[in-house]
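Subject: Structure handover

Hello,

Here is the structure I promised to pass on. Please open it next to this note and read the two together.

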Amino acid sequence: MRQVAFQAVTIAAMVGLAALSTALAYVIFFRILAVSGAIAVMLVTLLIPISGLALGVAVLGEPLIWRHIVGALVIGSGLLVIDGRVLAWLHTRAA
């Protein structure tokens, strides 16, 4: 069996991913849960396609076309309706 020796850069990358992507994400997750509630935490998962789109455009140089923008606007407006705070604010402002 062949033994693999990890380089320091590889180990640092794995530790960085573990610390930032996992530990920090859980800290942020539970902080949002405590402050805003379960609905707000679950709405964050709907932002994954927009994050993927933004990273694809910024990092990979993928083209941004009108369908992407329309989809992001649909997701954003859906988040606003589901959350309800903006609609409640508009309702109290109109009254």
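**Overall fold**

The protein chain has five helices and zero strands. Read from the N terminus, the order of elements is α-α-α-α-α. Please keep in mind that this is a predicted model.

Burial and surface come next. Of the 95 residues in the protein chain, 5% count as buried; the cut-off for buried is under 20% relative accessible area. The protein chain exposes about 7,900 Å². Carbon and sulfur atoms supply 74% of that area.

One is Tyr26 with Phe30: the ring centres are 6.2 Å apart and the planes meet at 20°, so the pair is stacked. The cut-off for stacked is under 30 degrees between planes. Both Tyr26 and Phe30 lie in helix α1, residues 8-36. They are four residues apart, about one turn of the helix.

Phe29 and Phe30 form an edge-to-face pair. Here the distance is 5.1 Å centre to centre, with 85° between the planes. Phe29 is also found in helix α1. Tyr26, Phe29 and Phe30 form one aromatic cluster.

Are these Phe residues buried, exposed or partly exposed? Phe30 has a relative accessible area of 48%, so Phe30 is partly exposed. Phe29 has a relative accessible area of 30%, so Phe29 is partly exposed as well.

**The largest pocket**

The volume of the largest pocket is about 240 Å³. Which helices supply at least two residues each of its lining? They are α1, α2 (38-44) and α3 (48-59). The largest share comes from α1, with five residues.

What is the make-up of the lining by class? Ten residues are nonpolar, two are polar and none are charged.

- Leu20, Ala25, Ile28, Phe29 and Ile32
- Val41, Met42, Val44, Thr45 and Leu47
- Ile48 and Ser51

**Two distances to check**

Phe29 and Leu55 are 26 residues apart along the chain. Their C-alpha atoms are separated by 21 Å.

Ala54 lies in helix α3. At 46% relative accessibility, Ala54 counts as partly exposed. Ala54 and Leu64 are ten residues apart along the chain, and their C-alpha atoms are separated by 8.9 Å.

**In brief**

The predicted model has five helices and zero strands. Tyr26, Phe29 and Phe30 make up one aromatic cluster. The lining of the largest pocket includes no charged residues.

Best wishes

Methods:
Residues are numbered from 1 along each chain as its sequence is written. This is a predicted model: local features need pLDDT of at least 70, side-chain atom pairs count only at pLDDT 80 or more; totals for chains, interfaces and linings use all residues. Side-chain values use heavy atoms; hydrogens and water are left out. Rings of Phe, Tyr and Trp (its six-membered ring) pair if their centres lie within 6.5 Å; planes under 30 degrees apart count as stacked, over 60 as edge-to-face and the rest as tilted. Buried means under 20% relative accessible area, exposed over 50%, partly exposed in between (1.4 Å probe, protein chains only). Accessible areas come from the Shrake-Rupley method with a 1.4 Å probe; for residues, only the protein chains shown count as cover. On a 1 Å grid over the protein atoms alone, a cavity is a set of points where a 1.4 Å probe fits but cannot get out, and a pocket is an open set with protein on both sides within 12 Å along at least five of seven lines; lining residues have an atom within 4 Å of a point. Grid points are joined across faces, edges and corners, and a volume is the space filled by probe spheres set on the points. Ala, Val, Leu, Ile, Met, Phe, Trp, Tyr, Cys and Pro count as nonpolar, Asp, Glu, Lys and Arg as charged, and the others, Gly among them, as polar.
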